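Here is a set of questions and answers on how some terms are applied to one structure. Each answer sets a value against its cut-off where one is needed.

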Amino acid sequence: MALNDNHMKDHNENVNTENIAGTTPGSMPDPSYIPFEKRLDLSGLQQKMDAVRQEIKKVIIGQDEMIDLLLVTLLTGGHALIEGVPGTAKTITAKLLARTIRAPFSRIQFTPDLMPSDIIGTSVLNLKTNEFEFKKGPIFAQIVLIDEINRAPAKTQSALFECMAENQVTADGLTYSLPLPFAVFATQNPVEHEGTYRLPEAQLDRFLFKIEIKYPSLDEEIKILEEQNKLENTRKEDLAQEVLNAGEVAGFQQLVNRIFVHEQLLQYIARIVDQTRNNSSLILAASPRASIALLRSAKAFAALNGRDFITPEDVKQVAMPVLGHRVMIAPEKELEGLDAERVIQQIIDMVEIPR
């Protein structure tokens with residue numbers, strides 16, 4: 001894939017071949033080597049995100065992919081849905097991440113009797129002024145953990161639509177802005193478990209990622225037991241320390257927005273999403289919001305790896321968690337054992353990679 005030609009030309013004129021990796025004084029540089037000068041300083045972002053990762057890993061064993069996807073969610077200003085069977089550390093992971101950020105935090109436990117006003121707030125009569133005042137609900141925080149989001153019915157879940165898409169709440173005809181940066185981390189149990197409700201497609205589409213938590217390996221399970229035995233009388237969330245504040249998160253989000261994206265990669269993302277709309281195995285394809293989510297998350301993934309430009313591998317790395325919950329398999333294909341993961345993988349394999 002070609003990089004910015006003007007940038008490369010200006011830089012090449014000042015390259016000292018004696019300083020190029022893989023060369024010796026007086027020798028010619030490797031023709032496959034492309035000298036590259038970073039346009040953005042990502043060292044601060046990398047250090048802070050690595051520190052957050054280490055704080056989480058004080059408690060969480062394994063699950064490296066999940067942790068990286070949560071960090072990408074934070075860097076893009078998106079929201080993440082974490083799905084797994086009970087007991088796979090979904091809630092504690094989200095709490096640990098929130099604890100590393102010095103920002104207002106709230107937790108909402110979704111239940112079948114929860115009302116929308118329990119989330120966004122309600123107007124109450126002030127007896128002193130004899131006027132109604134809006135009392136803000138727990139959604140007015142910067143990091144919001146929603147536990148078991150699929151325990152509440154659709155009416156309550158719909159209260160999150162405006163919050164997650166527009167960072168605002170409308171109540172009694174008035175609009176209230178949510179504090180920025182704003183992120184929702186929601187956990188859910190698989191829908192086949194008793195007492196759960198399927199999330200509407202419009203709700204799912206507002207999540208940047210759906211992160212599926214797998215069972216730990218045998219070695220990881222043993223290590224979990226060893227750590228639990230050592231920390232029997234310790235609250236796990238107390239082990240994580242604050243690493244950064246809300247202002248730093250906002251700054252990192254702006255930095256990620258400036259990551260360089262080649263025109264060919266924009267076309268690559270568009271082709272992947274377009275293929276979901278021309279696949280006979282799908283009855284619901286990815287929307288333009290999915291294209292934007294792919295772009296934003298690929299940028300953040302590149303930043304985590306210290307690069308100020310994205311590659312096709314960055315796009316492929318985030319394609320599954322971005323697209324998996326946004327497409328729907330045709331019933332007859334589902335009966336044949338086909339699932340979203342296989343279809344998306346087929347699409348990725350089909351679309352030509354930019355060179």
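Q: How do the residues that line the largest pocket divide into nonpolar, polar and charged?
A: In this predicted model, the lining of the largest pocket has 18 nonpolar, 5 polar and 13 charged residues. Asp, Glu, Lys and Arg count as charged, and Gly counts as polar.

Q: What makes up the largest pocket, and which residues are closest to its centre?
A: The largest pocket holds about 1100 Å³ of space. Its lining has 36 residues, and the closest to the centre are Glu83, Lys210, Glu212, Gly324 and His325. Lining residues have an atom within 4 Å of a grid point of the pocket.

Q: Which elements give two or more residues to the lining of the largest pocket?
A: They are α3, α8 (201-204), β10 (209-212), α13 (312-323), β13 (328-329) and α15 (340-350). Helix α3 gives the most, with 4 residues.

Q: What is the volume of the second largest pocket, and what lines it?
A: About 480 Å³ of space lies in it. There are 27 lining residues, and those nearest the centre are Thr76, Gly77, Gly78, Met164 and Arg296. Two or more residues come from each of α3, α7 (161-166), α10 (246-257) and α12 (288-304). The most come from α12, with 6 residues. By class, the lining of the second largest pocket has 13 nonpolar, 8 polar and 6 charged residues.

Q: What makes a space a cavity, and how many cavities of 30 Å³ or more are found in the whole structure?
A: A cavity is a set of points where a 1.4 Å probe fits but cannot get out, whereas a pocket is an open set. The search of the whole structure finds 1 cavity of 30 Å³ or more. The largest cavity holds about 30 Å³ of space.

Q: Which residues line the largest cavity, and how do they divide by class?
A: The lining is made of Leu74, Ile101, Ala103, Gln142, Ile143, Pro181 and Val249. By class these are 6 nonpolar, 1 polar and no charged. Pro counts as nonpolar.

Q: How do you know that the peptide bond from Leu180 to Pro181 is cis, and where is Pro181 found?
A: The bond from Leu180 to Pro181 has omega near -5°, and it is cis. Pro181 is in the loop between β8 (174-177) and β9 (183-188). Pro181 is also one of the residues that line the largest cavity.

Q: What is the phi of Ala89, and where is its place?
A: Ala89 has a positive phi of about 70°, although it is not a glycine. It lies in the loop between β1 (80-83) and α4 (90-99).

Q: Which residues make the contact of α2 with α3?
A: Leu45, Met49, Val52, Arg53 and Ile56 of α2 meet Ile67, Asp68, Leu71 and Leu75 of α3. By class there are 7 nonpolar, no polar and 2 charged residues.

Q: Why are α11 and α12 called oblique to each other?
A: The axes of α11 (residues 263-276) and α12 come within 10 Å and cross at roughly 140°. Over 145 degrees would count as roughly antiparallel, so with roughly 140° the two helices are oblique to each other. Helix α11 passes α12 in a right-handed crossing. The contact is made by Leu266, Ile269 and Val273 of α11 and Ser291, Leu294 and Leu295 of α12. It has 5 nonpolar, 1 polar and no charged residues.

Q: What is the crossing of α13 and α15, and which residues make the contact?
A: The axes come within 10 Å and cross at roughly 145°, and the crossing is right-handed. Lys316, Ala319, Met320 and Leu323 of α13 are in contact with Glu341, Ile344, Gln345 and Ile348 of α15. These divide into 5 nonpolar, 1 polar and 2 charged residues.

Methods. Residues are numbered from 1 along each chain as its sequence is written. This is a predicted model: local features need pLDDT of at least 70, side-chain atom pairs count only at pLDDT 80 or more; totals for chains, interfaces and linings use all residues. Side-chain values use heavy atoms; hydrogens and water are left out. Contact means heavy atoms within 4.5 Å. On a 1 Å grid over the protein atoms alone, a cavity is a set of points where a 1.4 Å probe fits but cannot get out, and a pocket is an open set with protein on both sides within 12 Å along at least five of seven lines; lining residues have an atom within 4 Å of a point. Grid points are joined across faces, edges and corners, and a volume is the space filled by probe spheres set on the points. Axes are lines fitted to C-alpha atoms, for helices over the stretch in contact, and angles run from 0 to 180 degrees between N-to-C directions. A crossing is left-handed if the near helix is turned anticlockwise from the far one by less than a right angle, and right-handed if clockwise. Angles under 35 degrees count as roughly parallel, over 145 as roughly antiparallel, 65 to 115 as roughly perpendicular and the rest as oblique.
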